[in-house]
Amino acid sequence: MSGIAKAMSKFRLAVVQLHVSKVKADNLSRAHNLVTEAAGQGAKIVVLPECFNSPYGTGFFAEYAEKIPGESTLLLSEIAKENKIFLVGGSIPEEDRGKLYNTCSVFGPDGNLLIKHRKIHLFDIDVPGKIRFQESETLSPGSVLSMFDTPFCKVGVGICYDMRFAELAQIYAKKGCQLLVYPGAFNMTTGPAHWELLQRGRAVDNQVYVATASPARDEAASYVAWGHSTVVNPWGEVITKAGAQEEVVYADIDLQYLAAVRQQIPITTQRRNDLYTVSAVMDS
């Protein structure tokens, strides 16, 4: 392996666990400062949390919704360009032709929009006595799988509830993604039960790196996020994890390590494609 190729097989990832308030301007300012801080620490890909510019809740989506491009995404573009990074812009409530979406915009080091991922699986759950939440009361689902290329690896994007669907991760891995990123806001019921478990499952199943970005926990909010933004390696080990409060956490991604894991346990070549398959409808 050449020196350049070897250097490109390792890069620093940063996850920004942002404290999100009801003041959009403050959220954008904090995001700007923390992403810039992460880039200063050598991060080449930076991930913001789900609903980073707005409180999370069906009562807030319409009020905080923007067109894309709009105030929040124009700022993300500027931040990516000034820091020469790939910026996974968490998500924002997006308004488009009378519909609302939970949307993640990703920007390249030149500030250009690379992809726009609208949350595919809407968060509609009812755990009696604990939590009921229905995103579909106000949001519409996306219908596109979202991947982008970097000089390091291909990256697959999902938002929060998307992570529960193993098929999406399998398709991303099948299409060559070595890193999956999920901006997400699990809560105080699902967070302790499933947040880390799902990330480790997606990582082990597909022998990829998985990163999640949660808002910081705010006990006074109507929806209390679990926090604990995390990065998991292809062996299923948690290699970095935030606490509950606002912070930036880092992980050094090593794609040679990923290749070694796949060589040691070669499930990608052992699958019985003559018996079963998982594929995207658009490919069939």
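**Exercise 1.** In which hand of crossing, left-handed or right-handed, does α2 pass α4?

*Solution.* The model is predicted, so local features need pLDDT of at least 70 and side-chain atom pairs count only at pLDDT 80 or more, while totals for chains, interfaces and linings use all residues. Residues are numbered from 1 along each chain as its sequence is written, and side-chain values use heavy atoms, without hydrogens and water.

Step 1. Locate helix α2 at residues 24-40 and helix α4 at residues 71-83. Helices (H or I, at least four residues) and strands (E, at least two) are DSSP runs, numbered from the N terminus.

Step 2. The two axes come within 10 Å and cross at roughly 15°. Axes are lines fitted to C-alpha atoms, for helices over the stretch in contact, and angles run from 0 to 180 degrees between N-to-C directions.

Step 3. The helices α2 and α4 are therefore roughly parallel to each other (angles under 35 degrees count as such).

Step 4. The crossing of α2 past α4 is right-handed; that is, the near helix is turned clockwise from the far one by less than a right angle.

Step 5. Residues of α2 making the contact include Leu28 and Val35, and those of α4 include Leu75 and Ile79 (contact means heavy atoms within 4.5 Å).

**Exercise 2.** Describe the surroundings of Glu94.

*Solution.*

Step 1. Glu94 lies in strand β4, residues 92-96.

Step 2. Its relative accessible area is 1%, so Glu94 is buried (under 20% relative accessible area, with a 1.4 Å probe and protein chains only).

Step 3. Beyond four places in sequence, the contacts of Glu94 include Ala65, Lys99, Thr103 and Arg118. Ala65 is 29 residues away in sequence, yet the C-alpha atoms of Glu94 and Ala65 are 5.0 Å apart.

Step 4. The side chains of Glu94 and Thr103 form a polar contact of 2.7 Å. Such a contact is a pair of N or O atoms within 3.5 Å; within protein, one must be able to donate a hydrogen and the other to accept it, and residues adjacent in sequence count only if both atoms are side-chain atoms.

**Exercise 3.** Is Ser105 buried or exposed?

*Solution.*

Step 1. Find Ser105 in strand β5, residues 99-107.

Step 2. Its relative accessibility is 2%, so Ser105 counts as buried.

Step 3. Leaving out residues up to four places away in sequence, Ser105 touches Ile68, Leu87 and Ile115, among others.

Terms used
Buried means under 20% relative accessible area, exposed over 50%, partly exposed in between (1.4 Å probe, protein chains only). Angles under 35 degrees count as roughly parallel, over 145 as roughly antiparallel, 65 to 115 as roughly perpendicular and the rest as oblique.
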